[in-house]
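Here is a short tour of a structure, written for someone who likes to check geometry against coordinates. Have a look at the model first, and then read on.

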Amino acid sequence: MVRKVLGWITFVMVLTATYLVFLWVPNEKVMGPVQKIFYFHVASAWIGFLAFFVVFIAGIAYLVTRNSFWDSVGAASAEIGVMFTTIVLITGPIWARSAWNAWWTWDPRLTTTLVLWFIYVAYLLIRSSVHEQEKKSRFSAVFGIVGFIDVPIVWFSIRWWRTIHPVVVDSSGLAMSSKMSFTLIFSVAAFTFLYFYLLSNSVFVERMRSELSELKEALLNR
Amino acid sequence: MRYFAQVRALLWKDLVSELRTKEMVSSMLIFSFLVTVVFSFAFEPDSDTIKQVFPGIIWAAFIFTGILGLNRSFINEKGNDCIMGLMSAAVDKGVIFLGKMTGNFIFMTVMEAITLPVLFVLFDYRMKGSPILLIIVVVLGTLGFAAIGTFLSALSVNTSNSEVLLPIILFPLITPLLIAAVKATAVILAGGEFAEWSNWLTILLAYDIIFTVIPWFLVDYVLEV
């Protein structure tokens, strides 16, 4: 029931966000329509970081409680995080090609995002290379914790390089027109709903899967 | 005190078995020479480019060679199921981690102590900075690498494709270590000022502390029977 309601809210919100981005919000003066990729780019980046934070929390919760529910949450969240970080890494260069005239630069934000992506792909690889359920949960929880702690250090070590990524949010607030900031906030909210909808679905699938494997094992042992 | 005696006993076991076979250090040495030779073919050895990428070559050789040692460090224990014995021994799991980590650190340092002068000779590199500082950077970099590497090696040894998995899960995590080590080495080789390398050294030191303490806590969950 909750998942159904969440699904409908998400559907309406993402639809509205798409309308806002493509028809309602004005074009940026210098960059033109290509700037519109920014609304989904930022929203995806936000989901990526949120998802990896959830992996970290779920990892701690799993190690403390040993409840396989938290393992499912971590696994589902890591999958979603990798997917949205991939979207960030694809939409970024599309925009950068027209704004910076280069697909990629080794700027702190870009590099950190790339390293983040590698860390969580490694997380998924660990999951697929351990076959015992309990061991898989334990190892991925541990790696999710260590990986998340590494991210700020990665960020600081890379920051000594020159930054050319636009800083949209600083201490003085959002540096753009009100229609633009509304669209941005709305698409971030829509993506957050999308994240929780996807999360609840993948957790559900993950639970079904482990239930199935338990049933299979019970049948074999009969 | 008992704790350190246990760590020492474990370390001693690794050192003695290595001294008898000399398997790991010798293969690591040959491998690091080979990496060096590969680099000299990849970049023109007499050109100026080599002077610029020299710090990178040093660390690439150390890291690639280090992976070999890390992979062996727990896989060696798999023979006769020694790993099970280790894991069920009546010691704190942190002891196993510290013992293995110190062993890996020592093997890597031996390899580096021989490789580094060879690198200087082969590429005819004249350093302007202080050798003591270079040694400090190498030691700090190796320490962090051995710490997180030993931890992930303990994790990956229990998986189905451990030898391929280890570099894949280790390399993203050592990004800060690698950047800081290469930058610090570059500045020190060129005889840079204190202000130029102190930041990088701080990162190295912070990384070493964080990634020794956290794995030391979490290793209980990795080596659970």
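Helices here are DSSP runs of H or I with at least four residues, numbered from the N terminus. With that in hand, and remembering that this is a predicted model, let us start with α3(A), which covers residues 68–99. This helix has 32 residues and reaches 46 Å from its first C-alpha to its last, close to the 46 Å expected at 1.5 Å a residue. Just after α3(A) comes Asn101(A), with a positive phi of about 65 degrees.

## Two helices packed in chain B

In chain B, the axes of α2 (residues 23–42) and α3 (residues 49–75) come within 9 Å and cross at roughly 150 degrees. Because angles over 145 degrees count as roughly antiparallel, α2(B) is described that way relative to α3(B). The crossing is right-handed.

Which residues make the contact? From α2(B) they include Met24(B), Met28(B), Phe31(B) and Phe39(B), and from α3(B) they include Ile57(B), Phe64(B), Leu68(B) and Arg72(B). By type, the contact residues divide into 10 nonpolar, five polar and one charged.

## Where the chains meet

Turning to the interface, 23 residues of chain B are in contact with 26 residues of chain A. On the chain B side, the elements giving two or more residues are α7 (162–173), α8 (175–189) and α9 (194–222). The most come from α9(B), which gives eight residues. This side of chain B divides into 16 nonpolar residues, six polar and one charged.

Notes: Residues numbered from 1 in each chain as written. Chains lettered and ligands numbered in written order. Predicted model: local features only at pLDDT ≥ 70, side-chain atom pairs only at ≥ 80, totals over all residues. Axes fitted to C-alpha atoms, helices over the stretch in contact; angles between N-to-C directions. Parallel < 35°, antiparallel > 145°, perpendicular 65-115°, else oblique. Left-handed = near helix turned anticlockwise from the far one by under 90°. Contact = placed C-beta atoms within 7 Å. Nonpolar A, V, L, I, M, F, W, Y, C, P; charged D, E, K, R; others polar. Expected span 1.5 Å × (residues − 1).
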